[in-house]
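Trainee: I would like to learn how to read a model like this one. Please take me through it feature by feature.

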Amino acid sequence: MKVINQNIHIDGIDKKILRALMADARTSVLEIARQVGISGAAIHQRLKKLEKSGLITGSKFIINPKVLGYTTMAFIGVYLDKAVSNPQAVKQLKKIPEVLECHYTTGNWSIFIKILCKDNEHLMHLLNNDIQSIEGVSRTETFISLNQQIERQIKI
């Protein structure tokens, strides 16, 4: 993971560029240039500066998982028997494609994961056969998301 330069300076034009790309990463450099009122070359230079600084780390298309039949989102607190089990457990979790995020946390759990499944039966299968069978996992606590209310990036 690239370390972000904490001393980067972004001005109003940079913010306009970033907001346009955050709204739609497919927006062309020329369209952004028209919106901002500077040349396409200037936009391109600023984007390169922002990428080099680590502020922009890429762009991506977002797949709607419901179209593929994935309707159950769950969060799972994973209790490990020993802290030394963390790296091995994460290595095993990486092999499970339904695991979207994995976080080391403070508090009760050693690891907190976000998982996407087709349905509750699929979730139960993953819990019983894939997650709880990982060496070092002593138990799990699962929370099913009923509906995501907020999804956003940090405000620029």
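Mentor: Start with two terms: two strands pair if DSSP finds at least two bridges between them, and helices (H or I, at least four residues) and strands (E, at least two) are DSSP runs, numbered from the N terminus. This is a predicted model, in which local features need pLDDT of at least 70 and side-chain atom pairs count only at pLDDT 80 or more, while totals for chains, interfaces and linings use all residues. Residues are numbered from 1 along each chain as its sequence is written, and side-chain values use heavy atoms, with hydrogens and water left out.

Trainee: How many residues lie between S2 and S3 in their hairpin?

Mentor: There are 6 residues between S2 and S3. Glycine 107, in the turn, has a positive phi of about 95°. The two strands run antiparallel and are joined by 5 bridges. As one example of a facing pair, cysteine 102 stands opposite isoleucine 113 in S3.

Trainee: What is the order of the strands in the open sheet?

Mentor: The general idea is that strands of a sheet pair through backbone hydrogen bonds, either parallel or antiparallel. Here 4 strands form an open sheet in the order S2-S3-S1-S4, with antiparallel pairing. Strand S2 (99–104) and S4 are at the edges with a single partner strand each, so one side of each has no neighbour in the sheet. On average, neighbouring strands of this sheet are turned by 20° against each other, direction ignored. For such angles, axes are lines fitted to C-alpha atoms, for helices over the stretch in contact, and angles run from 0 to 180 degrees between N-to-C directions.

Trainee: Which helix packs on the sheet?

Mentor: Helix H4 (residues 86–93) does, touching S1, S2 and S3. Its direction makes about 170° with that of S2. Contact means heavy atoms within 4.5 Å. Asparagine 86 is found in H4; leaving aside its neighbours within four places in sequence, asparagine 86 is in contact with Leu80, Tyr104, Ser110 and Ile111.

Trainee: Is asparagine 86 buried or exposed?

Mentor: Buried means under 20% relative accessible area, exposed over 50%, and partly exposed in between (1.4 Å probe, protein chains only). Asparagine 86 has 14% relative accessibility, so it counts as buried.

Trainee: Why is strand S1 described as largely enclosed by the rest of the structure?

Mentor: Because 8 of the 9 residues of S1 (residues 72–80) are buried. S1 is joined to strand S3 (residues 111–117) by 7 bridges, and to strand S4 (residues 137–145) by 8 bridges. On the S3 side, isoleucine 76 has isoleucine 113 as its bridge partner, valine 78 has isoleucine 111, and threonine 72 stands opposite cysteine 117. On the S4 side, alanine 74 stands opposite isoleucine 144. S3 is also mostly covered, with 6 of its 7 residues buried.

Trainee: Now the helices. Which residues of H2 are buried?

Mentor: The general idea is that an α-helix has 3.6 residues a turn, so residues three or four places apart point the same way. In helix H2 (residues 29–36), the buried residues are Ile32, Ala33 and Val36. They cover an arc of only 105° around the axis, so they are on the same side of H2; the arc is that of the directions from the helix axis to the C-beta atoms. The face turned away from this buried side carries the exposed residues Leu30 and Arg34. The buried residues of H2 pack against helix H1 (12–23) and helix H3 (40–53). Just after H2, glycine 37 takes a positive phi of about 90°.

Trainee: At what angle do H2 and H3 pack?

Mentor: The angle is about 105°, and the axes are 8 Å apart. H2 is therefore roughly perpendicular to H3. Angles under 35 degrees count as roughly parallel, over 145 as roughly antiparallel, 65 to 115 as roughly perpendicular and the rest as oblique. The contact is made by Val29, Leu30, Ile32, Ala33 and Val36 of H2 and Gly40, Ile43, His44 and Leu47 of H3.

Trainee: With which residues is leucine 18 in contact, leaving aside its neighbours within four places in sequence?

Mentor: They are Ile10, Leu50, Leu55, Ile56 and Ile156. Leucine 18 lies in helix H1 and, at 7% relative accessibility, counts as buried. Leucine 18 and leucine 50 are 32 residues apart in sequence and 9.3 Å apart in space, C-alpha to C-alpha.
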